[in-house]
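Colleague: I'm new to this one. Could you walk me through it, one question at a time?

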Amino acid sequence: MTTEHVRPNYILIWVYLFVLTVIEVAAAFLSHIPKHWLILILVFLAVWKAFLVALYFMHLKFERWRLRAIFMVPIPLAIILVLAVITEKIW
Amino acid sequence: MTHATATADVMHPPVPAEPGSGVYSNKLGMWVFLASDVMFFTALIGSYIILRFGVPEAWAAPGAVLNVPLTAFNTFLLICSSVSMVKAYAAIADGKKYFLRAVPGKLLRDGGLKFWMLVTIICGAMFVGVQVFEYIKLIGHGFTPAGFREGSTLAEHAATDAVRYGATTAGLYGSSFFTMTGFHGFHVTCGVVSMLYLYFTKVLPEKYSAQDYRGIETIGLYWHFVDLVWIILFTIVYLI
């Protein structure tokens, strides 16, 4: 099975995810933050939540580096793709 | 040497197969699949960005067409299912095959693999149910993959406030919305069906143990990935 490690506090991660989701929804609908800043904040919060799931629920933090590499390799490619299509708007 | 023997020599090179990365093949296969699924959803998100930011006209404001509180509840459901999945994994890793068991001195009973897997399946099925309900309501109000249906409530709203409802971009919005959430819903459905299969063929007959729980770990990875993708989609499609 997986490498032996100290088990994370899953309920605490769940609380983090719940609180971050509430902050996201509140920021999107209740705040008067300028649109560009709002998009940056929402994307940052979403990526933060995604990392929490990947690191602690999928145990990526405790896996061997070879296994991490399999999952991490497409991430830069995904970022490049998204940045490339965003430039459609900028240019 | 016959043709068959020559083929067999090619298939079995003289150097023996390497032991690999130290993980069992189901898990390695799932990670490779998830890596490919990252690119699949990135392609969908990339297409959405091109469509949304490429058109000069206004896109519908967040919450104007979609029911955000309902979807926020659905997000909560999926996060809960992710926690119950990882609790199921932790339970069987500790050898807890049972449903619920009383713990002396504690008010709450201790959940085992059977309990946490059932909670995960119920939460996943509820997510799909809420999404189907959302689709029915949206289509009823006139929001279809082809845009706002003529004569519908949303088409009337769009006629009075074209900017808020994104009247000219409704077709692009509808097609990208239903494609992205539809493919994600398909992933969730596949996960629920797979977990139901495992529940009746492996979990209830107590075939998993603290020594071998590969199926739970593998389906768990898939399930958490589905949750991870939804976290991103919820922000991009519903909140921005």
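Colleague: Thanks! What radius of gyration does chain A have, next to that of a compact globule of 91 residues?

Modeller: Happy to start there, and please keep in mind that this is a predicted model. A compact globule of 91 residues would come out near 12 Å. The C-alpha trace of chain A spans about 45 × 30 × 10 Å along its principal axes, and 20% of the residues of chain A count as buried. The radius of gyration of chain A is 17 Å.

Colleague: In what order do the elements of chain A run from the N terminus?

Modeller: Chain A has 0 strands and 4 helices. Read from the N terminus on, the order is therefore α-α-α-α.

Colleague: How many residues does each chain bring to the contact between them?

Modeller: On the side of chain A that touches chain B, helix 1, helix 2, helix 3 and helix 4 (74-90) each supply at least two residues. By class, that side has 28 nonpolar, 1 polar and 7 charged residues. The contact takes 36 residues from chain A and 40 residues from chain B.

Colleague: Are helix 3 of chain A and helix 2 of chain B roughly parallel or roughly antiparallel?

Modeller: Their axes come within 8 Å, with helix 3 of chain A covering residues 65-72. A:Leu67, A:Ile70 and A:Phe71 meet B:Trp31, B:Val32, B:Leu34 and B:Ala35 there, and the residues of this contact divide into 7 nonpolar, no polar and no charged. The axes cross at roughly 25°, and angles under 35 degrees count as roughly parallel. So the two helices are roughly parallel.

Colleague: Which element gives the largest share of the largest nonpolar core?

Modeller: This core has 55 residues, and B:Ala88, B:Ile92 and B:Leu113 touch the most other members. Both chains take part: helix 1 (10-29) and helix 2 (35-57) of chain A give two or more residues, as do helix 2 (25-54), helix 3 (68-93), helix 4 (113-141), helix 6 (170-203) and helix 7 (214-239) of chain B. The largest share, 16 residues, comes from helix 7 of chain B.

Colleague: How many residues are in the other core that lies apart from it?

Modeller: Among the members of that other core are B:Val65, B:Ala158, B:Ala170 and B:Tyr173. Its size is 11 residues.

Colleague: And which residues is B:Leu113 in contact with, leaving aside its neighbours within four places in sequence?

Modeller: B:Leu113 is one of the residues that touch the most other members of the largest nonpolar core. Beyond those sequence neighbours, its contacts are B:Ala88, B:Ala91, B:Ile92, B:Lys96, B:Lys97, B:Val203 and B:Tyr208.

Technical notes. Residues numbered from 1 in each chain as written. Chains lettered and ligands numbered in written order. Predicted model: local features only at pLDDT ≥ 70, side-chain atom pairs only at ≥ 80, totals over all residues. Core = buried A, V, L, I, M, F, W, Y, C linked by C-beta atoms within 7 Å. Buried ≥ 20, exposed ≤ 12 C-beta atoms within 10 Å, placed from the backbone. Contact = placed C-beta atoms within 7 Å. Axes fitted to C-alpha atoms, helices over the stretch in contact; angles between N-to-C directions. Parallel < 35°, antiparallel > 145°, perpendicular 65-115°, else oblique. Nonpolar A, V, L, I, M, F, W, Y, C, P; charged D, E, K, R; others polar. Rg over C-alpha atoms; globule rule 2.2 N^0.38 Å.
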